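Dear colleague,

Please find below the structure that I am handing over to you. My notes on helix packing and on the ligand site follow it.

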Amino acid sequence: MTSELSISVAEAASYLRDRYGLGVVEASVIGSNEDINVLAALADGRRVLLKVSHPGVSRGSLEAQNAALRWLAASPDVRLEVPLPCESTAGHDVEPWTDAARLARVLTFVEGEMPSPAVRSPAGHSRRLGSAAGRVALALRAFEHEGLPEGGPWDLRSARRVLDDAAQCVGEDGDTTADALAATLAAAEARMGPVVGELRVQPIHGDLTADNVVFDPAGDARGVIDFGDVGRGWLAAEIAVLACSLLQHDGDPIAEALHAAAAFDQECRLDDADIVALWPLVVSRAVVLVASAARMLAEDPTNEYAVARAPLERRMLARALSLSFDEAEILARAALGRLATPPVAVSPMVAGLDGADEADFSVTSVQHQADGWMQEGHLEVTLLRWGNSAGTTVTRYAEHRLTSRAIVETLPRSFAIGIDAVVREGALVRAPADGIVVSGGGARSASGDVRASIGVVLDGGATAWARGIEPLRAAGERVRARDVIARVTAGRPSDSDGHAAAAPQAVVGIGWCLAAELEPPGLVAPRAESLWRAACPDPSALVGREARHDPEQAPGDLIARRAAVFAAVQERYYDAPPQIERGWRHHLVDTAGRAYLDMINNVAILGHAEPRLTHAVAQQMGLLNTNSRFHYEAVVEFSEALAARAPDGLDAVLLVNSGSEAVDLAIRIARAATGRSDILALTEAYHGWTVGADAISTSIGDNPGALATRPEWVHLLDAPNTYRGRHRGADAHLYLTDALARLDALDADGVSLAAMVSEPIFGNGGGILLPDGYLRGLWTAVRERGGVCVSDEVQVSYGRLGEHFWGFEQQGVVPDVIAVAKAMGNGYPLGAVITTRQIAEAFAAEGSFFSSAGGSPVSCVVGSTVLRVLDDDDLQENARVVGAVLAHGLRALAARYPAVGAVHGMGLYLGVEVVNGGPDQPDPEAAAAICVDLLEEGVIVQPTGDHKNVLKIKPPLTIDVEAVRRFLAALDGVLERRQSRAAM
Ligand code: PMP
């Protein structure tokens, strides 16, 4: 909107008074892409919209819009309110604007709720939108007006021209270059080619998206607005525009888009040509949006609307292209219920599979070994290996498989909609019933192997497919049940080592498609699953097997069971959490076969399922696991290893099972050593759940009542939060001044401290470093008073900081007592206190200390192995190098997004402040929403801090630059889309 075209509210009010005789009480300019809209509240309580159109808009098209509005208002089946033109005092419903170059109209205002741009579609929303669009399209079918525009930039019949016009404005980076868009559009046109002549042309709204539908408070569509794009166009474009817009959301956008199409179809039936054209039109619309945005931005780089829309439009395009046209059409037919019925009786396409072993490729399968599943092509290789040892093998229908793509793709193709079978070379494939042959894709490979597919369209329309075979019949041939149609050729190495099996075998895929003659892929993304199941039902009968009837567990079931029995005080990540059942290095895998980057697990320092650790635990568990009162080597070896890591003089080790226990024990030891009981701690800290550790934990993020409920032996210093606290930036040194004054005050009150307990880095605050010299000055003062200095190293030690193995090294100090846990056991419960011999001996005066499992052989083997792997793999150095890349990338995001206030920490212990303005406006809602959005992108992150607004970034130390880049790209996308939605 350029300034010379803008109009003032006062101008609008006097225009409405003079031309329309309307008394305006209040008015405001509201956003619009091209027109200028003024919403005016009238003296009689009504509201009207004054629309001043762009100079290029013709009177005829405005008259056509007005006529269309009246037509819809008079069509009872539409059941939707529309704005209605008001007549001027001269009796016109289009009037010149004051400058005469533009035209103005006054429309009634459709009251209702405009949902704010949503991250995901509310339940049922897409269907309601589709239904509204269907009713509008149906009603407009019989509407005629000579002024109806045609062939404008939003008419999808002009997509090619729009793209050509915009081509030189489209950037040369990324996936959306002009060439890429042109190729994409060409593919869509080619797909529509055979039906384009049959597509119905009629008046359509042209932009019927969620932005142009108002809802009532119950969530039902109440009215449709903004008829600025009304014109003649393809009927199918009306629903394609809506479907495309729904692809910007998180969740299951493809299913949502198709549910909208199904609801449209209920009101305004789509014919076969429309169904074929639907997805190509969705793609075309996305191309037009991306190209138009580029052109708008080239013409006016400050066009905020275009800037805001661009990332969402790119996302629509990417989502539209995540399916092949065949796949999209299969799903569309499933959504619209246009599916064939498979015959009741079929004979097997491949014989001898009725007794075959069933392979388990699910995420929890114990048959996947270590990282074997991460190798490209592992499914086939593994299947062949199993087939070779077990004879014939088949996979399971509707299984969510663990595939290597999960590591690199946000939504890997993991859901099996067919069955794969390992069969011997030369086996024959037969027609399952009478039908006509259709051929699919496939080609002869370099090894001479024929990997083609063949389908038989059975009477009734269901198609049975076999892939990975050599076809013996040509497309169009009629075949009878049990006729040979293809043959299995192996001609490829039979297992991963290249050993040919005694009888060469090959993997053959068998599946149904009930949607036209289309060939479905064997694996699809874990989305729109019920549509896939409907279109491609269980093909067990095609391999001569009984269909499996697994009781399906709805995702909510396990959550409900958890809620019923697991005390709710124990939090759970996410309202709708993925079910995580496998881990590998810095990845976590859910039961749908999606892998998430684990950016939060500072415990699994070596990553998940570390094989050396697994092996060591299994071996020791099989030998001995008892308590440390017995004499065995593991406890000696591990204690020596720990003491060797600690600074000189700290060589007495006590082994426990957790951080809480370590902190609690440290407090007891300090008290025993000093004969005093008072403890000095910092606010905003968390030290554990046991009585002692909890007493010194004051994070109000964890316990809102913490500060008011401390026992009298706990004395607190203000957290030296240099970002948000009392002293910031260059004043940070004043925290020490304050702390020393507090010690003096405690002296004056006659308080004698047993110890000061703190983290060496402000962990709970999100990794904020303490001010330089803070612990040095404070600990000196504590020691002068006879107190003991305890460093809680539970979170920040073990090399996580990159530069340092222990956190206290960052402050250049040496504690008297170290409390450590978490990373020590890589998730196995392990904790330790390391102190001086003298202090440990003072503790002995209280009797003996014993922890049943602390120091057990297995836990000690775990502890020693963790330290060894940490060294062998140089993980501390990795934390330094990769942490620097990560911090650099996060700081670059902080520079671009005002929502990122600061990046704290070092190494692989970082915190990202999410704020709404500055340090004093922490934004926990945004932080929580970012975490949910990141989950969608395959990243696990959670907020921390007193305000729960700091994203804690502390992945396993195995993380590599590639994963860091993936994380940064995901966060970038999430922040960009949030900014876009906020701007709209
Ligand atoms: N100290 C610190 C600094 C911690 O972060 C934690 C746990 N978050 C603990 C102690 C308690 O450790 P655990 O959960 O192993 O008992």
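Helices α9 and α24 are oblique to each other, because their packing angle is about 125° and oblique covers whatever is left once angles under 35 degrees are called roughly parallel, over 145 roughly antiparallel and 65 to 115 roughly perpendicular. Helix α9 spans residues 304-320 and helix α24 residues 961-983, with their axes 8 Å apart. Axes here are lines fitted to C-alpha atoms, for helices over the stretch in contact, and angles run from 0 to 180 degrees between N-to-C directions. Helices are DSSP runs of H or I with at least four residues, numbered from the N terminus. On the α9 side, V307, A308, P311, L312, R314 and R315 take part, and they meet E976, R977, S980, R981 and A983 of α24; contact means heavy atoms within 4.5 Å. This contact has five nonpolar, one polar and five charged residues (Ala, Val, Leu, Ile, Met, Phe, Trp, Tyr, Cys and Pro count as nonpolar, Asp, Glu, Lys and Arg as charged, and the others, Gly among them, as polar).

The model is predicted: local features need pLDDT of at least 70 and side-chain atom pairs pLDDT 80 or more, while totals for chains, interfaces and linings use all residues. Residues are numbered from 1 along each chain as its sequence is written, and side-chain values use heavy atoms, with hydrogens and water left out.

Helix α5 (residues 178-192) packs against helix α10 (residues 325-335) at about 55°, with the axes 11 Å apart, and the two are therefore oblique. Their crossing is right-handed. A187, A188 and R191 of α5 contact F325, D326 and E329 of α10, giving three nonpolar, no polar and three charged residues.

Helix α16 (residues 659-674) and helix α20 (residues 837-844) cross at roughly 85°, their axes coming within 8 Å; they are therefore roughly perpendicular. In this pair, L665, R668, I669, A672 and A673 of α16 meet I839, A842 and F843 of α20. The classes here are seven nonpolar, no polar and one charged.

As for the ligand, the residues around it are S658, G659, S660, Y686, H687, G688, E759, D792, V794, Q795 and K822, each with a heavy atom within 4 Å. Nitrogen atoms of the ligand lie 2.6 Å from a side-chain N or O atom of D792 and 2.7 Å from one of K822. An oxygen atom of the ligand is 2.9 Å from a polar side-chain atom of Q795.

With kind regards

How values were computed. Left-handed = near helix turned anticlockwise from the far one by under 90°. Polar contact = N/O pair within 3.5 Å; in protein donor to acceptor, adjacent residues only side chain to side chain.
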